[in-house]
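Reader: I am new to this structure. Could you show me how to read it, feature by feature?

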Amino acid sequence: MSTVEQTPPTPGSGGPPSAPAPREHGSGAVTGVAWTVLPYVASVVLAFLVGGLLIQAMGYSAVDALEAVLTSSFDSRFGMVETLHKWVPIVLCAYAFAIPLATGKFNIGAEGQLLLGATGGAAIGITFSDLPAILLLPAMLVAGVLAGALWAGIAAVLLVRFRVNEVLSTVLLNFVSFRLIDWVATSVWPDAGAGHPATTPVGDGARLPLIGEAPGLHSGVLLVLALAVFIAVGMRFTPTGFEMRAVGDNPRASLINGVKTSRLAGAGLVIGGGAAGLAGAIDVAGVQGRMLEGMQSNFLILGIIVGLMARGSMLALPFIAFGIAVLEFGAGTMQLVASVPVEMVLVIEALILLFLLLSDIVRNRLRGAA
Amino acid sequence: MTTAPRLEMTEVVKTFGPVRALDAVSLQVGAREVHGLLGGNGAGKTTLMNVLFGLYRADSGAVRIDGREVTITSPRDAIELGVGMVHQTFLQVDTYTVVENVVLGTTLEGGSHGAGLSAARARIADISERFGLHVDPDAVMEELPVGIRQRVEIIKALYRGASVLILDEPTTNLTPQEVDALFTSLRTMVAEGMSVILITHKIRETLAVCDKMTVMRDGARVQTLDRAETDADHLAAIMVGESHGTYQAPTVTEAVALGTAPQGTVVGDVPETTFEPGVSVRGMTVRNDHDVELISGFDLEVGKGEIVGFAGVAGNGQVELAEALAGVRPLQSGSITIDDLVLSDRATAQWLDAGVAYVPEDRHRDGILPTSGITENLLLGSHRSARVRKNGLIDWRAARQRAQEAIEKFAIRADSPATRAGDLSGGNIQRVILARAFAHRPRLLVLHNPTRGLDIGSTRFVYEQIREVTAAGCSVVVISEDLDEVIAIADRVIALYQGSHAGEWRSDRVDPYEIGRRMTGLGTSVGGAA
């Protein structure tokens, strides 16, 4: 009957419970920004330092390798276009992770959602390949969003209705999606001549228009850019965006103050799935021209890395995603120039994230000592 | 000055970052002495005792026990030196019996089964007999009420051979009867040569049981007094401090906060008034989190401007009652109406719109967004209303403006509206929650333990705010485990026992002992049910 009083862990508040609130020190906008930016700079520098040492230890030239990683995006038009083409799925998969995370839920299913989006888009693009672009292209992108959202929606329903942990369901749905697209690529619309499980090409009306001289930049980049602005504004200024952040901060307090928390958590997953689905559809319409196995690349993990690095800021997220896209494109050049395996870049990215997480501890220590 | 005192702490300093929590505090406790450690919230009482019990390490200062200097770096050291502590929150294994809980973490001579356990059982029975700490040694923990669980904690300390026993705010959840029994046990212990340190912020308690008292304020010792040379007013003056010039007799609110409110007599100046009907609860049935029907067929009327207080021991349906009245917990049946507007079966957001404001018991868990700023915290709940929006989007500039005004009006101690709520002290968090509640222009205000853990200034502030909304015609329900509080601020007091009315009194005709009996499910003999 009687309950023992339990002092719940107070999220975000450090220090002993009986201590008075820590006095804010040296406030002011400038120091505030410095405290935010400094850890990022320090983490990147440290990660490259450690990465460089590793490369050197493996017997390659660290200077050549890192120079290739950092500069190849910027020294040719091709490099910039390819980097931006990589940026699109990275930033969208980062949204797929970060938007549910804002409500406190972990979507680890971006690759399945991306593949479903690609499949949905390709299905429209192939089936109605004779339609003009003005009809086919929007229909295809919408189909991609819906397919991704629907895939994540399975996890959302399981979560809201049956309290199935979303980490589990989203991860497992990835595996289901692999089998599903394998079937689509080998049995439904197989392209026998492709030499790799892939669908037949989509119609010309399903290709995103290219911008500028060859190599052209596909217009999906602009679409995602607009979307990034929309999301940043939406999370900050709409009541729903506010509710999402509130639920992520403290679901109990949000519930008590009239927020329908479980519905919102489900909605976050669905929206995230839609973002990943769009990534798949754009990749089909802008880059691949078809759906093919393996097109999910390592966007799931990159999305998670970017989403974690953004620390809930939808404003910072596209910029961080761009930085990661630069590294990802540079990885290929690095392998060519310095024969360092591309995986080294993933190591560096992981190190950046690790140092960033460590910086929280360091910063708290420093604040405590100040 | 010939023999050394049992315990001597000298010039103990403890800092947390920039905060000096203990500023060279000294304390002497003799054998056969109940020593009260008195002070408001944040005065440093618990911190000082946590240093003694080895939970915190002092930056400097010395501890002597029986004249010998000792170093205590962990509770294990403290226990070996005969120091025991009973915390506000108990660490007990719910599914174990009393005996198992007591022996947990000790070595049993004669093996952990059979002989060893029965020897331990005999010792526990002996301790509970000697000190009047009546407990069934074979009862399973989760079936015991808070008062008994506390006895188990005390037995635990005594079983480990404590000769100095620290009790941290032990009376918070106890009925008056249980408090009396506890104090009798404490007197027995000191009569046998032990020392007891009682951490409290209630003057009445210290006067009832202590031989000496040390008053602390802002991390420093103010004064140590003998029981014989002081009285309630004197202690209150020392505790509150005389920084505001000459000392004035404590107001009713201060008297409640300090526990010096006279009992069983007219408190304050509440005249016999009748109230216009406001909130009406009919046949309300509510389940707890385990789907057990805890409140059934509950009726309640709260007039406009009336304060109804619920007194009861924690776990008798307070949380369920508060949440149901606030529209957070669904009703299984029955209805709640405000001015003929039926609210039951509506979404929480609509209750908020209708002017139902809720100040939850657990401020951190239920009240705030810890990593968000004060601005966001104040916006929560009204973020969908048209008045916070411009062109459909949230107007953050105006929200910051309102937060700044609230910080000034509610005297929230914070640098700016961007200060994270989780970084605020308990009192300031409560001010933020109140500011948010009052922004809804409440017609029904539900408060659960609104002043628990607050210092006198914040407590007084809370009472003032409650008075202000009742003057504007708001119906108020106060659910509190602090009986003094309920009696002092409510117009009507209802005892809550196992989710139902167990008696009702006008606040100027109450007998706290009678309320105590009713809220523990005893006696329906005399009662002044209105």
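This is a predicted model: local features need pLDDT of at least 70, side-chain atom pairs count only at pLDDT 80 or more; totals for chains, interfaces and linings use all residues.

Reader: How is the pLDDT of chain A and of chain B to be read?

Author: Where pLDDT is low, the coordinates should not be read in detail. Chain A has an average pLDDT of 88, and 91% of its residues score at least 70. Over residues 1–27 of chain A, however, the pLDDT is below 50, and this stretch makes 41 contacts in the model beyond near neighbours in sequence. For chain B the average is 85, with 90% of the residues at 70 or above. Residues 525–530 of chain B have a pLDDT below 50 and seven contacts beyond near neighbours in sequence. In residues 242–250 of chain B the pLDDT stays under 50 too, and the model shows seven contacts beyond four places in sequence.

Reader: Which residues of chain A does UniProt list under "transmembrane region"?

Author: The unreviewed UniProt entry lists residues 37–63, 83–102, 114–135, 141–160, 217–235, 299–324 and 336–358 of chain A under that term. Such a record can be set beside the model. Residues 83–102 of chain A are 100% helix and 0% strand, and their end C-alpha atoms lie 27 Å apart. Residues 217–235 of chain A are 84% helix and 11% strand, with 28 Å between the end C-alpha atoms.

Reader: What domains are assigned to chain B?

Author: The assignment gives domain 1 (1–82 + 163–249), domain 2 (94–161), domain 3 (264–355 + 442–530) and domain 4 (373–439). The centres of domain 2 and domain 3 of chain B, taken over C-alpha atoms, are 37 Å apart.

Reader: What lines the second largest pocket?

Author: Rolling a probe the size of a water molecule over the atoms shows where empty space is left. The second largest pocket has a volume of about 1,200 Å³. It is lined by 35 residues, and the closest to its centre are Arg163(A), Leu255(A), Thr261(A), Ser262(A) and Val328(B). At least two lining residues come from each of α5, α8, α9 and α10 of chain A and α11 of chain B. Of these, α10(A) gives the most, with four residues. By type, the lining has 13 nonpolar, 10 polar and 12 charged residues.

Reader: Where is the cis peptide bond, and which residue has a positive phi?

Author: Most peptide bonds are trans, and most residues other than glycine have a negative phi. Here a cis peptide bond joins Ala214(A) and Pro215(A), with omega about -5°. Pro215(A) sits in the loop between β1 and β2 of chain A. Asp345(B), which is not glycine, has a positive phi near 75°. Asp345(B) is found in the loop between β15 and α11 of chain B.

Methods:
Residues are numbered from 1 along each chain as its sequence is written. Chains are lettered from A and ligands numbered from 1 in the order in which they are written. Side-chain values use heavy atoms; hydrogens and water are left out. UniProt positions are given in the numbering used here, feature names are shortened, and annotations may be inferred rather than shown by experiment. Domain bounds come from an automatic or database domain assignment. pLDDT is the predictor's confidence in each residue, from 0 to 100. Contact means heavy atoms within 4.5 Å. On a 1 Å grid over the protein atoms alone, a cavity is a set of points where a 1.4 Å probe fits but cannot get out, and a pocket is an open set with protein on both sides within 12 Å along at least five of seven lines; lining residues have an atom within 4 Å of a point. Grid points are joined across faces, edges and corners, and a volume is the space filled by probe spheres set on the points. Ala, Val, Leu, Ile, Met, Phe, Trp, Tyr, Cys and Pro count as nonpolar, Asp, Glu, Lys and Arg as charged, and the others, Gly among them, as polar.
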